[in-house]
Amino acid sequence: MQTFILTFVILFLTLIGFILGKRRSVKISNGGVNKLHSLPGYYGLYVAMWCSIPAVIFLALWLSFENSIITTLIVSDLPDEMKDLPPDRMSLIVNDIKNLAEGNIVSKEPDEALKKAALHYSRLKEVAYASLFTLIMIISTVFGIFTYRKIQSNFRARNKVEKIMEIILIASSTVAIFTTIGIVLSVLFESIRFFRQIPVFEFLLGLKWSPQMAIRPDQVGASGSFGIIPLVTGTMLISFIAMVVAVPIGLMSAIYMSEYASYRTRAIVKPLLEILAGIPTVVYGFFAALTVAPFIRDTGALVGLDVSSESALAAGLVMGVMIIPFVSSLSDDVINAVPQSMRDGSYAIGATQSETIIRVLLQAALPGIVGSVLLAVSRAIGETMIVVMAAGLTANLTGNPFEAVTTFTVQIVTLLIGDQEFDSPKTLAAFALGLILFIMTLCLNIVALYVVRKYREQYE
Amino acid sequence: MNPNFDDIGETIGAPLLENGSAKINCNDVNVFYDDKHAIRKVSVDIGKNEVTAFIGPSGCGKSTFLRCINRMNDTITSCRVTGEVNIDNINIYNNELDVVLLRARVGMVFQKPNPFPKSIYENVAYGPKIHGLAQNKAELDEIVYTSLEKAGLLEEVKDRINQPGTGLSGGQQQRLCIARAIAVHPEVILMDEPCSALDPIATAKIEELIDELKQNYTIIIVTHSMQQAARVSQRTAFFHLGYLVECDDTKRIFTTPDHKLTQDYITGRYG
């Protein structure tokens, strides 16, 4: 609520800045607006930008540090015997203080120290808000006035606005980059904690995956073994089955759409195919688990094959169907991008359409097709919902598609579901798995992008 | 100037070649793109083993007409052709004709060099392979090397015959396309502005090549360059707005054309 009011205040000041800046530029021009370097709107915009951007940045910084500073302040005022508590108990107390101050339910009957701290907390909050409000007003106004006074007829507001726009755009694009870095770092640090307990080589080369750990010494249970090879083979097996389904079907439908289909057919078929990509993966998941898997098991039983009810085959087949639109859509684009002159050249020698496609178009589009397939593979490796529902949890080290296997994503999900203790290797293993998974798909994506880019250069 | 076409009616100065010397005979050819009437009642004879040049301002239909002769217009769905195009007295628009074989007999070279993204060797071998012209590797080699030789390219590429055709210079690429076309032993070669993307030196080489090729092939060349038409062709046809205005010996077209439009065009008064 408070942030909302502050945003509104900044917006209001910005609007005033715009109007005043524009008016001043018109006034300076003395009626001859064309004597100004820029259009009056640019002067308004320039003032408005300086009214808003520094204030917004300040607000963002304040809000991100306010909480930790206030927490430190109330903790330092707590009685000495509470100060020395371990961090997790301390955070419970801080939570209680905040809840008490805001009138929420508290975990236990508040004692005197807690009440005092809560009072302190709400006072600090009030002071913080008041000073934030004042500072925002001052920053916005000072920058506004400063830029307002800079307006003269030869002031290049248009160029300055351009510069600010550029900076805003750069800032927006870095948000995505920093988010990625943040994710990688968080996974990385947890993984390092994991690798302190389990050696890297045991993790990467171990043949047995059984992450169950005894929580209490007297408990019966495995000591846990963390070898990811069964997960690697399981993931590979399912992805392989998926690609066996998706690549031929996707590629052939791409060829049909780009070469044979009339404009009208293409306009209908392509969106229909892309609907496949819009089906939620959880729906694919229960389709795989409830329809495809039993069907495969029953069919297997008919011919005397022993198929488990959660088979790699079922998950792989359905995942393949899910990936078809990726392959077909990207391949369709790259086949379309092959210049018409290639087709003409081939037809003019007397090649038929299929000869042209196989010998010229596919060859010319090959790098692009490879790129799209690699992107599809990385998508298959990272796919979660279908395998969670249809592939099973047993970490079998097998190449048999009729057996249940498990994948990285399935294990991450099962390791993190439910109550967890974040100091046991069992839970931390999820982050290490995530890190490996991330590295795998990252490598695939880099290779795919490299191949696709190389292909583009060829025709531009 | 805005010429009045009502008086074209019949194409003038287009004497049909004497019996036997015409390789291709076109009769009342009309081409429509949807409703657009792109070629209007064109009748013309193309002489055997000589070069015929099609000239005319942009959009006059000369390329469209050229593409009628190997039925490349079939690949454009909105395009419809009526009339007769006879090659050796067989109408190529009859229903029994195999378009694929026709295109092997009537080769084509395009405005922009379009080698396939394959090696030089594979570019030339492409046609012979799909038509099964070679029984074994030695025969295929023979065809490839002779074709490159005929296209005047062998000397320049024989050391890098397995490197990509796209790595050659523009003029070399165009000669590679000519080699590719003659590798399937065509009788007719259609050239759609083959030099418009090339520099003068490469152009001169191609023109020289055309002059040699005419001993064995019937060649039709579309060109925007009047000088080129005068240099390489024996007969010239002038197109305007879908009409064939005039067709005659090149010398006559460039010295004493019958039609005023032709004269205006070749003297550069418009177009």
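## Exercises on a predicted model

A:Met257 is buried (under 20% relative accessible area, with exposed over 50% and partly exposed in between; 1.4 Å probe, protein chains only), its relative accessible area being 2%. This is a predicted model, where local features need pLDDT of at least 70, side-chain atom pairs count only at pLDDT 80 or more, and totals for chains, interfaces and linings use all residues. Residues are numbered from 1 along each chain as its sequence is written, and side-chain values use heavy atoms, leaving out hydrogens and water.

**Exercise 1.** Find the helix that holds A:Met257 and list the residues that A:Met257 touches.

*Solution.* Start with the helix: A:Met257 sits in H8 of chain A, residues 229–260. Helices here are DSSP runs (H or I, at least four residues), numbered from the N terminus. Next, take contacts, meaning heavy atoms within 4.5 Å. Not counting residues up to four places away in sequence, A:Met257 touches A:Arg266, A:Val269, A:Lys270, A:Leu273, A:Ser328 and A:Asp332.

**Exercise 2.** Work out why helix H12 of chain A is largely enclosed by the rest of the structure.

*Solution.* First, count: 8 of the 10 residues of H12 (residues 340–349) are buried, so the helix is largely enclosed. Then name some of them: A:Met342, A:Arg343 and A:Tyr347 are among the buried residues. Finally, step past the end of the helix, where A:Gly350 takes a positive phi of about 100°.

Note on methods:
Chains are lettered from A and ligands numbered from 1 in the order in which they are written. Helices (H or I, at least four residues) and strands (E, at least two) are DSSP runs, numbered from the N terminus.
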